Amino acid sequence: MRVTPMLEQYWSLKREAGDAILFYRLGDFFEMFFADAETAAPLLGLVLTARHRDSDIEAPMCGIPWHQLDTYVARLVAAGKKVAIADQAEPAMKGRTLVARKIVRIVTPGTLLDPNRLDARRANELAAAALAEGEAALSFLDLSTGEFSVVRLPGAAAAAEWLKRRVPAEVVCFESDRSVVEAWLPSLAAEPPVLSALPSAPRGRSAAELLFRHFRTTTLAPFGLPDGGPAVEAAAALLHYAQMTQRSDCAHVTSLRNEPAEEGLVVDAITAAHLELFRSLRDGGAAGTLLSVLDRTGTAFGARALRRMLERPLAQRTAIEARLDAVEELLEDAVRLERLAKTLREIPDLPRLLSRLAVGSAAPREVAGLAAGLVKAGEIGPILAGARSEAFREGGEMSPAGVPTALGARVAGRLAPEPPVNAREGGIFRDGADAGVDELRSLRRDASALLSALEAKERAERGVPTLRVKFNQVFGHVFEIPGAARAKIPADALKRQTLSTVERYASAELVELDEKLRSADARLFEREAELFRALVGEIVAESPVLLDAAARLGRLDALGALARVARAGRWVRPRMAEEPVLLVSEGRHPVVEALRPREPFVPNDAALGGEGERIVILTGPNMGGKSTYLRQNALIVLLAHAGSFVPAAAATVGLADRIFTRVGASDSLARGESTFLVEMAETAHILRHATSRSLVILDEIGRGTATFDGLSLAWAIAERLHDGENGDGRGGVARVLFATHYHELTELALVKRDVKNRTMTAREWEGEVVFLRKVADGTADRSYGVQVARLAGIPETVLARAREILHNLEKHQLDVGGRPRLAEHAGEPAPKETQLDLFRGQGELVLDAVAKLDVDRMTPLAALQLLATFQHRLRGEE
Ligand code: ADP
Ligand code: MG
């Protein structure tokens, strides 16, 4: 290949871009070459071509029009790619062979700042991991808001675990840690974050120095951090990466928060998914989630604050009570609450606007929006005047004080009422804002008046009433007359353009005026752009104050939303207790209740943690409401820890350290053994991490495998949760709700003191099941599995035989000594007669089929398939 200067320039930019796809500006296009083109073309639906007319690079290529840059970049980033944008650094000039180009930005999933592509209501985080011997650290940065934090952890495993709680869009690490960090990714999310290993990020002393320089300090002590170690390296790597991709010093990142590793109630990602906090299980969308029910915030940053409160609920009693006090006070005064909501709705996304200012990509119109928002935010303080709660006082977690309203007013006072989107076209400032701008504007006005006069004069002299002065990009101002009047053009006129219908020309006088006008424009635009940059600088300098105020307003907005939801749904303030209990009277599921307003929700009580009832085994028919009951109790505990009221008539919630929820695979036939493995791995995690203060919700655990396996495992798990690691009950978990389709599991209550059986009630009426959805003491009196099978269309003869077998099974559940068979331990004498005897000669398959028919009531399809097999066996067919 011929090595041309352009190709050389291209390769040097490409080296700088690293693993990012390079967008190379060529005229009106951004072009991609070589492997970049081959990767991007299918993702963007572009056709690969050979050579661009303005380029001498001979390679496969594809390109996009420059003005569609954002759209295409967003598409590649959404596909997990990074994009480096190389723009022209100088105007293309005639005679120059090669225009200087430089990378102006690298866009990656974690650094995307385009407000049109970001979900305004959630954080878009970048994370960095740094590993050392027996020590690790994670750092998080939301570039769109400037929030920056670091957490120190005891090792790589703890770091991997922590990441699951807070899945970022992109993970950054040192090249040397790549293989370790890479292995974490698949378990983080269905669409794991992209990984960027940094070969040149600073380490050790230089890492600390990078942070010192950025924060203008000589030590990190103010942030509660040592001046070395993985925490510093993770934070420095992240900042380095942000600066490198943004090509900016990221001045809006003004502080580094040291997060305690064990902060708050731990809600892992699996639990968050099962409880549908932020994504529905059905389609992964927002509808039907807890957040969607609670999110009545007015601002985008308030929505993010609310989400964070749910992601990381509190664990300290004083902090929880402070929030509950605030919610209670807001809720008491409906008029004030509505005024607050109304005002907040008019405040734009201050932190994200500020971050766009900081990286220099904000439009004048956005700056005006920010200024107006600051002025508006100043109205919040008076609305809350006289509020008693600590949180609203100056310095409190939700204090509305300290908004730089004066700055907003000053900026708004200088900007034009409707400033343009483009900072290069003038019209940014008001008349009177700057003497220089005013002078240039009047010059322009004068010239325009002169232009009109000249037009009138030329029209009269030529005697052509349709003569007009027109402006043209190439020729500037020209006189334009109809082609038919061509003869009237004077001989000394400067010919400009002859078209079929019109003739364009100029005169010496017009040319002079045109130049005057154009230079006035250029000077005006330049002056305005310069002033605009200074104004932006002024605002960015106030970042710390502004971000701090926005953070407090965001939390206020979030609590306001909680108060409004509580008011509308008649929720109550939970009583927080030190003992690990959960006492709920008339609890409801907030989402199920909100989604079906026409069907009355049946409230249910819960009593957990006391003597005799640490573990509740919940049985009942499929569709009876078991899962709903489990989840509503978990949500009540979570909401209380977030500082929210709860959907119940009364609730006492003991402080918890973790909430675990696990749900058995819902369709074992279709999904195979791997789901069972996942289910067991998840459960093993609970057994290792649950403490006496945890809340454990197990929904149909063991379902992903053959009946007897699943039942034995469910039994052993429940036993372990009851007894604790030492087997004496002291390390046992105080709050466990275990829904199961294994009726045999209820026999655990015969041998374990603190196991309590409860059931979702249902009645049979004219051969149909009627769900009462009320939790009662005891065990489900019958399974209704056969009724469900009937609903699925199983022939009556088969159903009758199934009933007979069921009866046999039930009869044989106790061993010859009268104890439940399942309570037996290995080593004890084997019972004389076993269930298998029933099926002697029928084979394993039938045993399995019958067992599943009995238990797998949830999926009529599964029952149908199994019954079909069963039927064949009964008829003696293979
Ligand atoms: P299970 O886990 O026992 O199969 P689910 O909890 O999935 O039952 O509930 C089945 C259906 O019943 C759900 O769609 C839900 O809308 C409804 N439901 C559950 N509990 C209640 C209740 N307490 N009041 C009203 N409807 C309920
Ligand atoms: Mg269920």
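## Ligand 1: polar contacts

Arg596 places a polar side-chain atom 3.1 Å from an oxygen atom of ligand 1. A polar contact here is a pair of N or O atoms within 3.5 Å. This is a predicted model: local features need pLDDT of at least 70, side-chain atom pairs count only at pLDDT 80 or more, and totals for chains, interfaces and linings use all residues. Residues are numbered from 1 along each chain as its sequence is written, chains are lettered from A and ligands numbered from 1 in the order written, and side-chain values use heavy atoms, without hydrogens and water.

Ser627 has a side-chain N or O atom 2.8 Å from an oxygen atom of ligand 1. For Arg773, a polar side-chain atom lies 2.9 Å from a ligand 1 oxygen atom. Alone, ligand 1 exposes 560 Å², and the protein buries 87% of that (Shrake-Rupley areas, 1.4 Å probe).

## Ligand 1: the shell

The ligand is surrounded by 14 residues (one heavy atom within 4 Å is enough). The closest are Val602, Met623, Lys626, Ser627 and Thr628. By class, the shell has six nonpolar, five polar and three charged residues. Charged means Asp, Glu, Lys and Arg; nonpolar means Ala, Val, Leu, Ile, Met, Phe, Trp, Tyr, Cys and Pro; the others, Gly among them, are polar.

Helix H21 (residues 626-642) gives the most to this shell, with three residues. Helices (H or I, at least four residues) and strands (E, at least two) are DSSP runs, numbered from the N terminus.

## The seven-stranded sheet

An open sheet of seven strands runs S12-S22-S23-S24-S20-S25-S26, with mixed pairing. Two strands pair if DSSP finds at least two bridges between them. S12 (266-267) and S26 (768-777) are the edge strands, each pairing on one side only. S12 runs parallel to S22 (residues 658-663), joined by two bridges. Val266 has Arg658 as its bridge partner in S22.

H21 packs on this sheet and touches S12, S20, S22, S23, S24, S25 and S26 (contact: heavy atoms within 4.5 Å). The direction of H21 makes about 160° with that of S23. Axes are lines fitted to C-alpha atoms, for helices over the stretch in contact; angles run from 0 to 180 degrees between N-to-C directions.

## The four-stranded sheet

Four strands form an open antiparallel sheet, ordered S13-S14-S16-S15. S13 (468-472) and S15 (494-498) each have a single partner strand, so one side of each lacks a neighbour in the sheet. The twist averages 40° from one strand to the next.

S13 and S14 (residues 476-482) pair over five antiparallel bridges. Asn472 stands opposite Gly476 in S14. Helix H18 (residues 508-541) packs on the sheet, touching S13, S14, S15 and S16. Its direction makes about 140° with that of S14.

Notes: A polar contact is a pair of N or O atoms within 3.5 Å; within protein, one must be able to donate a hydrogen and the other to accept it, and residues adjacent in sequence count only if both atoms are side-chain atoms.
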